Structures are given as structure tokens and as C-alpha cells.
Amino acid sequence: MTKVLIGTVKPFAPKAVEQMKEIFSNAGYEVALLEKYQEQSELVNAVKDVDALIVRSDKVTREVIENADNLKIIVRGGAGYDNVDLEAATAKDVVVMNTPGQNSNAVAELALGMMVYLARNEFNGTAGTELKGKKLGIHAFGNVGKYVARIAKGFGMIPYAFDPFIAKDEIENEGVKALDSQDDLYSKCQYISLHIPANEKTKKSINYELLSKMPEKAVLVNTARKEVVHEDDLLKMFAQRSDFKYISDIAPDCASEIEEKYAGRFFFTPKKMGAQTAEANINAGIAAANQIINYLEKGDTQFKVN
Ligand code: 3PG
């Protein structure tokens with residue numbers, strides 16, 4: 001019997017798990033559930049006899065992959081697959097997929113929600129500012145970037161975007177001004193919302209050179225990955241620009257220094273929660289389940305990333 005492991009430190013919402021189990025049971029597959037595990041070794045042991053693995057931000061290391069004797073497919077229920085060792089998977093002929101777009105609205109809503117929270121001084125009752133009329137630079141115009149643009153327009157923000165991989169027309173069809181370079185985006189926009197993936201090229205790429213171009217009352221919003229921000233340069237920005245604020249879905253490694261010195265100028269979620277909605281979990285979970293069945297039964301590799 002084909003066996004699937006759902007291995008998630010941060011579990012999918014119960015409704016999502018229920019629906020995934022139903023899809024697999026209809027296909028005649030067996031499902032094992034490993035949630036909220038404490039040690040990486042638990043994941044390593046649990047994959048031993050599975051044919052397919054579904055994860056979220058869980059670390060699918062070489063050790064996990066090499067210990068999974070029957071593994072044929074890994075689906076990351078979500079967008080970013082920087083947590084999966086693609087090289088190790090490819091070397092073992094294991095297909096890796098993500099579920100693009102399935103949790104994008106949830107991430108976009110959080111980005112705007114956090115902007116409102118900080119613009120309103122953490123809801124402390126003092127006079128804050130509004131998002132209306134402010135320029136928003138969307139750094140990468142993939143699924144999340146598109147949703148951010150749509151919601152931001154509802155707030156009356158003026159959206160710009162830079163994405164070297166997307167045709168300018170596609171960006172401008174969404175009513176967003178497409179710019180030619182990162183430098184243009186950062187120079188023009190008071191708010192910057194990051195939607196780039198974390199890879200060898202982008203890690204630490206959001207540096208002082210870029211950030212220092214931002215106009216007065218600059219706010220950097222990061223619902224992408226903490227690794228894309230150059231943290232020494234982030235601290236330099238905080239020190240040099242008393243108008244600079246940073247919002248991040250998950251605290252940076254240098255959080256304690258920021259928390260100690262720069263009250264009121266940051267907000268960090270305690271746990272990565274951009275995709276933490278029932279809707280996003282259901283969308284991503286169902287997509288992951290269907291993608292596994294479609295691959296194992298029909299060889300469909302539509303969402304393959306390796
Ligand atoms: C993603 O890449 O899809 C998001 O960062 C969500 O990650 P999560 O599934 O760990 O919440």
C-alpha cells in the first residue's frame with residue numbers, strides 16, 4: 001500500500017488534515033501523521049518506509065532523504081522550498097514540488113495587517129499614520145506580490161513593483177507601475193514589501209546600499225525569509241536612520257538588539273505565521289495531496305521544482 005507521511009512541526013489546521021486524509025483514503029493510500037515533533041531524528045525515522053512526504057517549513061535534509069528507502073516525492077505545502085535539499089532529492093530520483101499560490105492571500109493579508117499595526121503605533125491609542133497615499137514597493141511580483149498589490153490598492157496605497165522575471169505588461173495589467181531596477185524601487189517607495197525567495201543569490205541581498213536609498217519614514221516589511229536581509233546592515237539602518245522601521249514575519253537573529261534599543265520601530269511575529277490560516281492550510285494541503293496522487297498515478301510533474 002502506498003504510504004504518505006505528513007511531517008509538520010507546525011501542523012496544518014485540523015480541517016486541512018481531515019481533508020487530506022480523505023483524499024488519500026479515496027485513493028487507497030495509507031497516511032501517517034508526525035506533528036509538532038521536537039527532534040529532527042523523529043522525521044528521519046518516520047520517513048523510513050514512506051512513498052511520499054508532505055512538509056511545511058520542515059527541514060528535509062540529505063539525512064532525511066537518504067533514510068527514506070521508498071521515497072518518490074516530497075511536496076512542500078507552501079511556496080518556498082529552501083528547506084528541502086534539492087540536490088540530495090535529485091540524486092535519489094525523488095521529485096520535489098511546492099504548491100504555488102495556495103497560501104498567498106494569507107501571507108499578503110498578514111503583510112498589510114502588520115503595516116497597519118505599526119502605522120497605528122501598535123494600537124496603543126496615540127495618533128499614528130495611514131497607509132493611504134503612501135508608495136509601496138513590491139519586491140518580486142509572484143503570487144504573494146500580486147495579492148499584496150490588490151489589497152494595498154484597497155487601502156489607497158500607490159503600488160510599484162520590481163521583478164526581473166516577470167514581463168512589465170503582466171505587472172502593469174494589475175494596475176501596478178513596473179520599475180526597471182531594485183534601486184529605483186527602494187529610492188521611490190516609503191514602504192517596501194519583500195517577496196523574493198531565499199536562495200544563494202538573494203540571501204543577505206537586502207543590504208545597507210539598498211535600504212539607505214529608501215525615502216523618509218522608511219518601512220521594510222518582510223514576509224519572505226529572514227535570511228534575505230543582511231542583518232549587520234539592518235542594525236546599521238536602525239542606528240543611522242531614526243525614521244526606519246522593520247516588520248518581519250519571524251524575528252531576525254539580531255532581534256534582541258533591536259528590541260533593546262529601538263522600541264516602537266519594529267514588529268516581529270513570535271512564530272512564522274504568514275500562511276497560518278485555516279483557508280491557506282486547506283488550499284495547500286489539498287493541493288499537496290492531489291499533486292502526490294497525480295504524480296504517483298499519472299506521472300504528472302506540473303509543479304516539480306528539481
Ligand atoms: C511559504 O513558503 O509558503 C510560507 O513561508 C509558509 O511557510 P509555512 O508553511 O511554514 O507556514
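Trainee: Which residue in β7 is the bridge partner of Leu136?

Mentor: Pro159. Strands β6 (residues 135-139) and β7 (residues 158-162) run parallel and are joined by five bridges. Strands here are DSSP E runs of at least two residues, helices are H or I runs of at least four, and both are numbered from the N terminus.

Trainee: What should I know about the model and the numbering?

Mentor: This is a predicted model: local features need pLDDT of at least 70, side-chain atom pairs count only at pLDDT 80 or more, and totals for chains, interfaces and linings use all residues. Residues are numbered from 1 along each chain as its sequence is written, and side-chain values use heavy atoms, with hydrogens and water left out.

Trainee: Back to the strands. In what order do they form the open sheet?

Mentor: The order is β8-β7-β6-β9-β10-β11-β12, seven strands with parallel pairing. Two strands pair if DSSP finds at least two bridges between them.

Trainee: Which strands stand at the edges?

Mentor: β8 (177-178) and β12 (266-268). Each has a single partner strand, so one side of each has no neighbour in the sheet.

Trainee: What does helix α5 lie across?

Mentor: Helix α5 (residues 104-119) lies across β6, β9 (191-194), β10, β11 and β12. Its angle to β11 is about 145°. Helix α6 (residues 143-154) lies across β6, β7 and β9, at about 170° to β6. Axes are lines fitted to C-alpha atoms, for helices over the stretch in contact, and angles run from 0 to 180 degrees between N-to-C directions. Contact means heavy atoms within 4.5 Å.

Trainee: New topic, the core. Which residues touch the most other members of the largest one?

Mentor: Tyr186, Leu194, Ile206, Leu220 and Ile258, out of 32 residues in the largest nonpolar core. Such a core is a set of buried Ala, Val, Leu, Ile, Met, Phe, Trp, Tyr and Cys residues joined through side-chain atoms within 4.5 Å. Buried means under 20% relative accessible area, exposed over 50%, partly exposed in between (1.4 Å probe, protein chains only).

Trainee: Which element gives the largest share?

Mentor: α10, with four residues. Buried residues in α10 include Leu234, Leu235, Met237 and Phe238. Their cover includes α9, β11, α11 and β12.

Trainee: And what does Leu220 touch?

Mentor: Leaving out residues up to four places away in sequence, Leu220 touches Ile192, Leu194, Ile206, Leu211, Val229, Phe244, Lys245, Tyr246 and Ile247. Another core, of 27 residues, lies apart from the largest one, and Val107 and Ala161 are among its members.

Trainee: Now charges. How many salt bridges are there?

Mentor: 14. The rule is a side-chain nitrogen of Lys or Arg within 4 Å of a carboxyl oxygen of Asp or Glu.

Trainee: Which residue forms one with Lys226?

Mentor: Asp253, with the closest N and O atoms 2.8 Å apart. The pair links distant parts of the chain, 27 residues apart. Lys226 is in the loop between β10 (219-222) and α10 (231-240), and Asp253 is in the loop between β11 (245-248) and α11 (255-261).

Trainee: Is Asp253 buried or exposed?

Mentor: Exposed, at 60% relative accessible area. Lys226 is partly exposed, at 22%.

Trainee: What separates Glu257 and Lys261 in helix α11?

Mentor: About one helical turn, because they are four residues apart. Glu257 and Lys261 form a salt bridge, with the closest N and O atoms 3.0 Å apart. Glu257 is partly exposed at 32%, and Lys261 is partly exposed at 48%.
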